[in-house]
Amino acid sequence: KRFEGIKEKWNQSTKPNVFDALFGGTGYRTIGYYKTDSDTPAQALRNMTARVAEISEMRPDSHVLDLGCGHGIPVLDIAVNIGCSVVGIDLADEHIVLAKNAADLYKKEKSTDCDSALIPLL
């Protein structure tokens, strides 16, 4: 009950917006890491996720927890690219739906059986 007001406001803020168009529907809300002049904002954000995984020394036996996973794309990228298990947790119901859909898509398109769990916070 304590978080219901916060959860309701967050659910209202998960409607598609300009960030989704700008960052290719990745769910990212950050600047990114541009490795080349030709990197798109979406690619720069994926580069940033890969760099964080590298700096964190994530390995296939790592377990990653993403609090506030949003659309789930960053943590799913880590699961696919590193091969580790991931758990995404989010307050917004719509984010969990989007993240579960993204996980299903990753499993089909990337021919992976990434070990992922996407869980609503409440």
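**Entry 1: the strand pair**

I began at Asp-66, which stands opposite Gly-88 in strand E2. The model I am reading is a predicted one, and I kept that in mind throughout. Taken as a whole, strand E1 (residues 63–67) and E2 pair in the parallel sense, over five bridges. To get from E1 to E2 the chain passes through helix H4 (residues 73–82), and I noted this β-α-β crossover as right-handed.

Next I asked which residues of E1 are on its covered face. Val-64 and Asp-66 form that face, whereas His-63, Leu-65 and Leu-67 make up the uncovered one. E2 (residues 85–90) is mostly covered, with five of its six residues buried.

**Entry 2: Ser-62**

I moved to Ser-62, which lies in the loop between helix H3 (41–55) and E1. Is Ser-62 buried or exposed? Its relative accessibility is 15%, and because the cut-off for buried is under 20%, Ser-62 counts as buried. When I left aside the neighbours within four places in sequence, I found Ser-62 in contact with Glu-57, Cys-84 and Ser-85.

**Entry 3: helix H5**

I checked the length of helix H5 (residues 93–109) against its ends: at 1.5 Å a residue its 17 residues should span 24 Å, and the end C-alpha atoms are 24 Å apart, which agrees.

I then listed the buried residues of H5, which are His-95, Ile-96, Ala-99, Ala-102, Ala-103 and Tyr-106. They cover an arc of only 125° around the axis, and so they fall on the same side of H5. An α-helix has 3.6 residues a turn, so residues three or four places apart point the same way. On the other side of H5 I noted Lys-108 and Glu-109 as exposed.

**Entry 4: the whole chain and its confidence**

Stepping back, I counted five helices and three strands in the protein chain, and read along the sequence they follow the pattern α-α-α-β-α-β-α-β. Buried residues make up 37% of the 122 residues. Of the contacts with a separation of 6 or more, 52% are accounted for by residues 24 or more positions apart.

Where in the protein chain is confidence lowest, and where is it highest? It is lowest in strand E3 (residues 116–120), with a mean of 55, and highest in E1, at 89. The chain averages a pLDDT of 77, and 65% of the residues score at least 70. I therefore marked my entries on local features as resting on residues with pLDDT of at least 70, whereas the chain totals use all residues.

Conventions: Residues are numbered from 1 along each chain as its sequence is written. This is a predicted model: local features need pLDDT of at least 70, side-chain atom pairs count only at pLDDT 80 or more; totals for chains, interfaces and linings use all residues. Side-chain values use heavy atoms; hydrogens and water are left out. Helices (H or I, at least four residues) and strands (E, at least two) are DSSP runs, numbered from the N terminus. The expected span of a helix is 1.5 Å times one less than its number of residues. Buried means under 20% relative accessible area, exposed over 50%, partly exposed in between (1.4 Å probe, protein chains only). The arc is that of the directions from the helix axis to the C-beta atoms. Two strands pair if DSSP finds at least two bridges between them. A crossover is right-handed if, with the strands pointing away from the viewer, the path from the first strand over the helix to the second runs clockwise. Contact means heavy atoms within 4.5 Å. pLDDT is the predictor's confidence in each residue, from 0 to 100.
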